[in-house]
Each structure stands twice: as structure tokens, then as C-alpha cells.
Amino acid sequence: MDTPGPVSVIIGTYNDANIIESTLAAFAVQSFQDFEVVVADDGSDQDYSPVLAACASRFVHGIQHVTQPKRGFRKARVLNRAIIVSRFDALIVSDMDCLPHRDFVRNHLAYVKSGVAITGRRTHVSRDVVRSPEKILEGGLGFGPLSLIGFRLSGKARIIEHGLVLPIFYESHNRRLHGSNFSVCRPDIVAVNGWNEEFEGWGDEDSDLGVRLQHSGVRIRNLRNKVIQFHLLHDRLPMVNPQNEALFQRTRVERTTRARIGIAESNASEFTVRRYGAADCDSTTMNC
């Protein structure tokens, strides 16, 4: 952006409440602080509200919590609603099991601008090497180069080369959008109608968004060694979803830009929004 900040950080969530506090702690110690958090939850059984209420005071603009009823994997749908309720034009999208490097927000904002979306990659780490939320708040994640090498040698980390911020050679020519790590300006994502809610079940919804952004003229830059995340290792998700694969193929063949069902079709009555901390303030004046 021409003038950095403020920004809305949107975090996709589903259950796994034992990691959300660590993720929020990592965001609370970012080198750039002028942002709100929007938690976009795809119908979790677990109740995040005590953690969100306790953490909200650590964020200048508080936390918003958007939820929808659980009816299968409908992440695209709740992310669209999170875009609508978010309050700032710079948008960074992440996942709850992706812990951000301390310069994650700052580095996204340094490069995202109208007509340019930023994406990155991630280093994979085992859960048992993640510090407690208290220790993260005191001293950060502690994932420096030597630590990452040690984790790799002990089988507790993979792709550690993506966990280093580099001054040069930080950009990749792979333009595929990673939904857990990207930033975009609001007008650009609204112009393509956000995620296509025809995508249900895991797979291709983020790639589809990335291709439609490019069809609309938005350039995607992959800054794999600038915007760094540490993703928790877990079982691999299914690699093939025939229905979503067909939808993605349609987008590529027809050079689609606008989602058939997306932001414009979102119905506020189908979602619940709770606000914690400064998010309770008026979105324009910020006076409580």
C-alpha cells in the first residue's frame, strides 16, 4: 500500500482450539501492529470465545469472529463473509495452523498494492516444537536458522528453506495462490466477487481465486522468502476432488473473472459476528 496500515488479517479456522492461542500470540508480537484480526470459522464444534476475549486487548483494532453453521467444508463461504465484515482495504489471509514470522504482516504490506496480490510459501514444523503462548508473547516463536536446521535433522521440520527471510533472491516465478498466505487490496478481490462458493469440500478454491484475479489483470507475486509462515505438520488432505477440479477447469477454459456465487451473494442472516476489544468500537471513528 502507498501508506502502510491499517490492515485486516483474516484467519480461517475450524476446531483445533488448542492452537488458536499460539497463533494469536504470534500475531500479537508482530513488528507491525496496526491491524485487526478477523477469525473466519467454518462451523467449529469448539468454542473459541474465551480465548478470543482474552486475546483481544493485544490487538490495536481488536478481534472479529465470523461463524457459520457446519454443513461440510464451506471455507470459501465464510471467508467471503469475513471480507465483508473486515474494516480495512489491505487484506491478509492466513490459516489458524500457520504461525507467522514476526515480520509477516509488515512484509506483506511492503509489497501489496492495487493490481498486485502477494502470496508466499511455508515451512512445516511439528507441533511439539511450538512454544507455549506465554513464551511466544515473551520472546517470539524462536524459529531462527539454527533452530530450523536442528528441527530438520531431528525430523521435526520440512522445507526449512522457506522459513528464512532473505534480502535478495526472495521471489519465485510460481504464481499459484496459496490460500493460507496471501494479501490483496479490497477492490481487487471484490471485483472478482471473492471466493467461488460453488467450491465445497477441500481443494482448488484458492487456486481458482488466484487464476480469476490474474484473468482480471491482477499480478500475483510469490515472495516465498519475505512473507514467512510456519505450518503445523498434519495428515495430508485428499489430493483430488472431482467436482472442484471441474469447476477450476471451467475457470481456466472460460477465462472467468467473477465468481458465480461469492461476496455479492452473501447473506448476513446466515452468519454470526462477535466482536472483542477495540472491534466493539465504531468502525469509522474508533470511539467506544
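Guide: Setting aside residues up to four places away in sequence, H65 touches V39, D41, Y48, L52, T272, V273, R274 and Y276. The model is predicted, with local features needing pLDDT of at least 70 and side-chain atom pairs pLDDT 80 or more, while totals for chains, interfaces and linings use all residues. Residues are numbered from 1 along each chain as its sequence is written, and side-chain values use heavy atoms, without hydrogens and water.

Visitor: What makes T272 count as touching H65?

Guide: Contact means heavy atoms within 4.5 Å. T272 is listed among the residues that H65 touches, so the pair has heavy atoms within that cut-off.

Visitor: Why is H65 called buried?

Guide: Its relative accessibility is 5%. Buried means under 20% relative accessible area, exposed over 50%, and partly exposed in between (1.4 Å probe, protein chains only); H65 therefore counts as buried. H65 sits in strand β3, residues 63–67; strands (E, at least two residues) and helices (H or I, at least four) are DSSP runs numbered from the N terminus.

Visitor: How do you know that A28 is buried?

Guide: By the same cut-off: A28 has a relative accessible area of 13%, so it is buried. A28 is found in helix α1 and, neighbours within four places in sequence aside, is in contact with Q33, R58, F59 and L137.

Visitor: Which residues have the most contacts inside the largest nonpolar core?

Guide: They are L24, F59, I63, V105 and F143, in a core of 48 residues. Helix α1 (residues 17–28) gives the most to this core, with 7 residues. Another core, of 25 residues, lies apart from it and includes V85, V93, I189 and W195. Each is called a core because buried Ala, Val, Leu, Ile, Met, Phe, Trp, Tyr and Cys residues are joined through side-chain atoms within 4.5 Å.

Visitor: What makes α8 mostly covered?

Guide: In helix α8 (residues 205–215), 10 of the 11 residues are buried. Among them are E205, D208, R212 and H215. The buried residues of α8 pack against β9 (181–185), α7 (186–191), β10 (219–222) and α9 (242–254). G217 follows α8 with a positive phi, near 105 degrees.

Visitor: Why is the pair of R87 and E36 called a salt bridge?

Guide: Their side chains meet at 3.0 Å, N to O. A salt bridge is a side-chain nitrogen of Lys or Arg within 4 Å of a carboxyl oxygen of Asp or Glu, so the pair qualifies. R87 lies in the loop between α3 (75–85) and β4 (90–95) and E36 in strand β2 (residues 35–41), 51 residues apart, which links distant parts of the chain. R87, at 18% relative accessibility, counts as buried, and E36 is buried at 0%.

Visitor: How many salt bridges does this rule give?

Guide: The count is 14. One of them joins D103 and R102 at 3.6 Å, N to O. D103 is buried, with a relative accessible area of 11%, whereas R102, at 49%, counts as partly exposed. Salt bridges that share partners join R102, D103 and R106 into one network.

Visitor: How do you know that R250 and E198 form a salt bridge?

Guide: Their closest N and O atoms are 2.7 Å apart, so the pair falls within the 4 Å limit. R250 is in helix α9 and E198 in the loop between α7 and α8, 52 residues apart, and the pair links distant parts of the chain.
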